[in-house]
Amino acid sequence: MRVELTEVLWFEQHDLSLSELAEISGLSRVVLEELLDCGAIAPIERPSTVSVTELRFGASALRTARTAHRLSADF
């Protein structure tokens, strides 16, 4: 997979929902929620009143999720 500069810039300027993160990273929502619970990925901010489906994620969470997907596929 080749990442274009425009993709990198878009991800740095936008945030993703949990559904979007699942779609782009290739991980299921269940796996993403497990990574979120154990602290492997973190939302941009997490007020106590926000549900998991309303959380927003940045480029670092996407990078971590893609790495987790790649490692899962390799092993």
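The model is predicted, with local features requiring pLDDT of at least 70, side-chain atom pairs counted only at pLDDT 80 or more, and totals for chains, interfaces and linings drawn from all residues. Residues are numbered from 1 along each chain as its sequence is written, and side-chain values use heavy atoms, with hydrogens and water left out.

**View 1. Overall arrangement of the protein.** The secondary structure amounts to 4 helices and 0 strands, in the order α-α-α-α along the sequence. Helices (H or I, at least four residues) and strands (E, at least two) are DSSP runs numbered from the N terminus. Of the 75 residues, 27% are buried; buried means under 20% relative accessible area, exposed over 50%, and partly exposed in between, with a 1.4 Å probe and protein chains only. Among contacts with a separation of 6 or more, 52% join residues 24 or more positions apart, contact meaning heavy atoms within 4.5 Å.

**View 2. Serine 17 in the loop between H1 and H2.** Serine 17 lies in the loop that links helix H1 (5–13) to H2. Its relative accessibility is 13%, and serine 17 therefore counts as buried. When neighbours within four places in sequence are set aside, serine 17 is in contact with Leu55, Arg56 and Phe57.

View 3. Leu32, Leu35 and Leu36 are the buried residues of H3. They cover an arc of only 100° around the axis, which puts them on the same side of H3; the arc is that of the directions from the helix axis to the C-beta atoms. Val30, Asp37 and Cys38 are exposed on the other side of H3. Glycine 39 follows H3 and has a positive phi, near 90°.

**View 4. The crossing of helices H2 and H3.** The axes of H2 and helix H3 (residues 29–38) come within 9 Å and cross at roughly 110°. Axes are lines fitted to C-alpha atoms, for helices over the stretch in contact, and angles run from 0 to 180 degrees between N-to-C directions. H2 and H3 are therefore roughly perpendicular to each other. Angles under 35 degrees count as roughly parallel, over 145 as roughly antiparallel, 65 to 115 as roughly perpendicular and the rest as oblique. H2 passes H3 in a right-handed crossing. From H2, the contact involves Leu18, Ser19, Leu21, Ala22 and Ser25, and from H3, Arg29, Leu32 and Glu33. A crossing is left-handed if the near helix is turned anticlockwise from the far one by less than a right angle, and right-handed if clockwise.

**View 5. The crossing of helices H2 and H4.** Helix H2 (residues 18–25) and H4 have axes that come within 9 Å and cross at roughly 45°. H2 and H4 are therefore oblique to each other. The crossing of these two helices is right-handed. Leu21, Ile24 and Ser25 of H2 make the contact with Ala61, Leu62, Ala65, Arg66 and His69 of H4.

**View 6. Helix H4 and its buried side.** Helix H4 (residues 59–74) comprises 16 residues and reaches 22 Å from its first C-alpha to its last, close to the 22 Å expected at 1.5 Å a residue; the expected span is 1.5 Å times one less than the number of residues. Ala59, Ala61, Leu62 and Ala65 are buried in H4. They cover an arc of only 155° around the axis, which puts them on the same side of H4. Arg63 and Asp74 are exposed on the face of H4 turned away from its buried side.
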